[in-house]
Amino acid sequence: MLVLSRKLNESIVIDGHIIVKVVRVDGDVVKLGITAPMEVPVHRQEVYEEIQKNNLEALTQGRAAVSALPRVPRPKGDADTGAWPRNRNAAKKQ
Amino acid sequence: MNRVENVASVPNPAQAENTISMPMGLLGFERIKEYVLLADPAEEPFLWLQVSNDANLAFLVVAPQPLLPSYKPEISPEDVAFLGLDSAADAAVLSIVTVRGPNHATLNLKGPIVLNRRTLVAKQVIPANAAEFSVQHPLPVIQP
């Protein structure tokens, strides 16, 4: 692992287009500002791993592999009667 | 922060299958970017988010809001921009369901899938208020 020392308001540049800046240091909490292109996902590691693990658990071998779906209460006063989801063709017609 | 209203989804039987583009994939499944969303009236309110061209890989999903009316994920401006959401009405929120036993399942409220209903582009987002939510929220079920 590359280890760099940075002071408050100093940054590092990754791959020429991702900037990580030390925005605040308060005791054992370091606040980082991250500037990255929209297509670069940035997550807190523990949250990322928690969701990743859950996604793996939730993956099924398809519709046929789940014998019975849970029985959920019907929502009161069926709110949305609109088409769901709206498809591209429907959007074009509007 | 934009509070994106959840959409009470009633799948239109006439649109039983929609191709969903997920340019970022799901967390842990970043390379899979094309899904089909399958709706069957007999399975309401559940839907299947199935990997395109692979019927053996699918996630059970549900619109959480009709089941949990207090659930209000705050979608970041970056995610709103990424999805090109012009209005809250264009957004549908779906939660991934993990079936854990007979009539027992949990919902991932921490990493919901937000879908632009107009463009059919979706992303698994981490809401700004994610700390309030669990990845294993018990699904409310009717006991026999």
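Guide: What follows is a set of questions on labels and the values behind them.

Visitor: Before we start, what kind of model is this, and what does it score in ipTM and pTM?

Guide: This is a predicted model, with ipTM 0.85 and pTM 0.83. For chain B the mean pLDDT is 88, and 89% of its residues reach 70 or more.

Visitor: Where in chain B does pLDDT stay under 50?

Guide: Over residues 1–14 of chain B. The model still has 47 contacts beyond four places in sequence for that stretch.

Visitor: How is chain B put together, helix and strands?

Guide: Chain B has eleven strands and one helix. Read from the N terminus, the order is β-β-β-β-β-β-α-β-β-β-β-β. Of the 144 residues in chain B, 49% are buried. Among its contacts with a separation of 6 or more, 57% join residues 24 or more positions apart.

Visitor: Why is Thr106(B) called buried?

Guide: The cut-off for buried is 20 or more other C-beta atoms within 10 Å. Thr106(B) has 21, so the label is buried. Thr106(B) sits in strand E8 of chain B. Beyond four places in sequence, Thr106(B) touches Thr98(B), Arg100(B), Gln136(B), His137(B), Pro138(B) and Leu139(B). Phe46(B) is 60 residues away from Thr106(B) in sequence, and their C-alpha atoms are 13 Å apart.

Visitor: And what makes Ile12(A) partly exposed?

Guide: Partly exposed is what falls between the two limits, 12 or fewer for exposed and 20 or more for buried. Ile12(A) has 13 other C-beta atoms within 10 Å, so partly exposed is the label. Ile12(A) belongs to strand E1 of chain A, residues 11–14. Leaving out residues up to four places away, Ile12(A) touches Leu4(A), Arg6(A) and Val20(A). Between Ile12(A) and Val42(A), 30 residues apart along the chain, the C-alpha separation is 15 Å.

Visitor: Staying with chain A, why are E1 and E3 said to stand at the edges of the sheet?

Guide: The sheet is open, with three antiparallel strands in the order E1-E2-E3 of chain A. E1 and E3 (29–35) each have a single partner strand, so one side of each is left without a neighbour in the sheet. The twist averages 25 degrees from one strand to the next.

Visitor: How do you know that E2(A) and E3(A) are paired?

Guide: Pairing needs at least two bridges between the strands. E2 (residues 18–26) of chain A and E3(A) have seven, in the antiparallel sense, so they count as paired. Across the pairing, Val22(A) stands opposite Leu32(A), and Arg24(A) stands opposite Lys31(A). The hairpin of these strands has two residues between them, and Gly27(A) there takes a positive phi near 65 degrees.

Visitor: Why is E3(A) said to lie largely in the open?

Guide: Zero of the seven residues of E3(A) are buried, so E3(A) lies largely in the open.

Visitor: Which residues have the most contacts inside the largest nonpolar core?

Guide: That core has 45 residues, and Leu49(B), Val61(B), Val97(B) and Val114(B) have the most contacts inside it. Helix H1 (45–58) of chain A is one of the elements that give two or more residues to this core, and so is helix H1 (77–83) of chain B. E7(B) gives the largest share, seven residues. Beyond four places in sequence, Val61(B) is in contact with Leu47(B), Leu49(B), Leu94(B), Ser95(B), Ile96(B), Val97(B) and Ile113(B). As a general point, nonpolar side chains in soluble globular proteins tend to be buried together.

Visitor: What makes the backbone at Asn103(B) and Leu120(B) worth a look?

Guide: Neither is a glycine, yet phi is positive: near 55 degrees for Asn103(B) and near 60 degrees for Leu120(B). Asn103(B) is in the loop between E7 and E8 of chain B, while Leu120(B) is in the loop between E9 and E10 (121–124) of chain B.

Visitor: Are those two buried or partly exposed, and why?

Guide: With 16 C-beta neighbours inside 10 Å, Asn103(B) counts as partly exposed. Leu120(B) has 20, and the limit is 20 or more, so Leu120(B) counts as buried.

Visitor: Last one: what makes the peptide bond from Glu44(B) to Pro45(B) cis?

Guide: Its omega is near 5 degrees, and the bond is listed as cis. Pro45(B) is in the loop between E3 and E4 of chain B.

How values were computed:
Residues numbered from 1 in each chain as written. Chains lettered and ligands numbered in written order. Predicted model: local features only at pLDDT ≥ 70, side-chain atom pairs only at ≥ 80, totals over all residues. Core = buried A, V, L, I, M, F, W, Y, C linked by C-beta atoms within 7 Å. Helix = DSSP H or I, 4+ residues; strand = E, 2+ residues; numbered from the N terminus. Contact = placed C-beta atoms within 7 Å. Axes fitted to C-alpha atoms, helices over the stretch in contact; angles between N-to-C directions. pLDDT = per-residue confidence, 0-100.
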